[in-house]
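This briefing sets out computed structural features of one protein chain, grouped by topic. Please read it alongside the sequence and coordinates shown below.

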Amino acid sequence: MPETDYLKIPQNRVGALIGSNGNVKKSIEKATGTILDIDSEEGTVYISPREDMEDPLGVWNANHIVKAVARGFNPEVALKLVSDDIYLEIMKLPLYIGKSKKALARYKGRIIGKDGKTREIIMEMAEVDMAVYGKTVSLIGEMDNIMIAKEAVEMILNGSRHKSVYGFLEHKKEELKRKEFNELVGIEEDKIEFKDGIDFDEKDF
């Protein structure tokens with residue numbers, strides 16, 4: 001049986017993790033088959049497996065859901081992590097821009113954009129959920145989508161203009177659509193086969 005896990009979260013996110021009348025805590029426990037022991041004063045969370053836990057990854061999933069809430073996500077969004085093909089990616093901004101508080105505020109502002117526009121565009125185009133909290137930018141979604149959103153955020157951190165980032169996202173969205181279509185109809189990536197047996201690469205068009 002999986003062992004008890006332990007993590008520490010920001011104190012101002014403890015309330016979000018517990019929820020009104022403990023409803024968020026209960027939802028996480030029910031979805032993962034675990035028991036959460038939350039120390040409100042210390043901000044520590046112990047995650048234990050229930051005896052009747054069916055999913056061996058229950059504790060692991062609960063850990064990631066708690067981390068997601070701790071990084072600023074709405075608990076309903078964080079609970080998406082119960083799904084096997086949904087992942088959490090946490091980008092630590094100081095690793096990209098250093099420890100300057102001014103730089104941190106400036107780059108967070110660029111990632112969020114005026115009235116939240118840039119954040120919304122990244123979320124919509126890459127089909128991910130995003131939280132900008134403290135010194136982190138966190139992403140929830142399918143792996144391919146997370147990688148696209150992460151690259152877009154890295155472009156901003158490297159000084160790219162928003163227009164360039166939006167163009168990149170548009171291109172990647174089209175690539176994903178084509179990939180999904182090809183998988184749906186059973187076509188190999190970058191290859192179209194015609195009835196006469198002649199193969200054409202898409203780049204030839």
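N145 counts as buried because its relative accessible area is 8%, under the 20% limit for that class. The model in which this residue is described is predicted. N145 belongs to helix α8, which covers residues 143-157. Beyond its neighbours up to four places away in sequence, N145 touches A126, E127, V128 and L176.

**Helix α7 and its surroundings**

- Helix α7 spans residues 117-126, and its buried residues are T118, I121, I122, M123, M125 and A126.
- These buried residues of α7 pack against α6 (101-112), β5 (129-133), α8 and α9 (162-185).

**Residues with positive phi**

- Most residues other than glycine have a negative phi.
- D115 is a residue other than glycine with a positive phi, near 55°.
- D115 is found in the loop between α6 and α7.
- D115 counts as exposed because its relative accessibility is 77%, over the 50% limit for that class.
- E127 is likewise a residue other than glycine with a positive phi, near 55°.
- The loop that holds E127 runs between α7 and β5.
- With a relative accessibility of 54%, E127 also counts as exposed.

**Largest pocket**

- The largest pocket holds about 190 Å³ of space.
- Its lining consists of L57, W60, N61, H64, K67, L81, S83, D84, I86, Y87, L88 and I90.
- Two or more lining residues come from each of α3 (58-70) and β4 (87-92).
- Helix α3 gives the most to this lining, with four residues.

**Strand β1 and K8**

- K8 is found in strand β1, which covers residues 5-8.
- Leaving aside residues up to four places away in sequence, K8 touches E42, G43 and T44.
- K8 and R106 are 98 residues apart in sequence, and their C-alpha atoms are 27 Å apart in space.

**Overall architecture**

- The secondary structure of the protein comprises nine helices and eight strands.
- Taken along the principal axes, the C-alpha atoms fill a box of roughly 65 × 50 × 25 Å.
- The protein has 205 residues, of which 40% count as buried.
- Among contacts with a separation of 6 or more, 56% are between residues 24 or more positions apart.

**Surface and charge**

- The protein exposes about 12,400 Å², and carbon and sulfur atoms supply 50% of this area.

Definitions and conventions:
Residues numbered from 1 in each chain as written. Predicted model: local features only at pLDDT ≥ 70, side-chain atom pairs only at ≥ 80, totals over all residues. Heavy atoms only, no water. Buried < 20%, exposed > 50% of the residue type's maximum accessible area, 1.4 Å probe, protein only. Contact = heavy atoms within 4.5 Å. Areas by Shrake-Rupley, 256 points an atom, 1.4 Å probe, with all protein chains shown as cover. 1 Å grid on protein atoms, 1.4 Å probe; cavity = no way out; pocket = protein on both sides within 12 Å on 5 of 7 lines; lining within 4 Å. Points joined across faces, edges and corners; volume = space filled by probe spheres on them.
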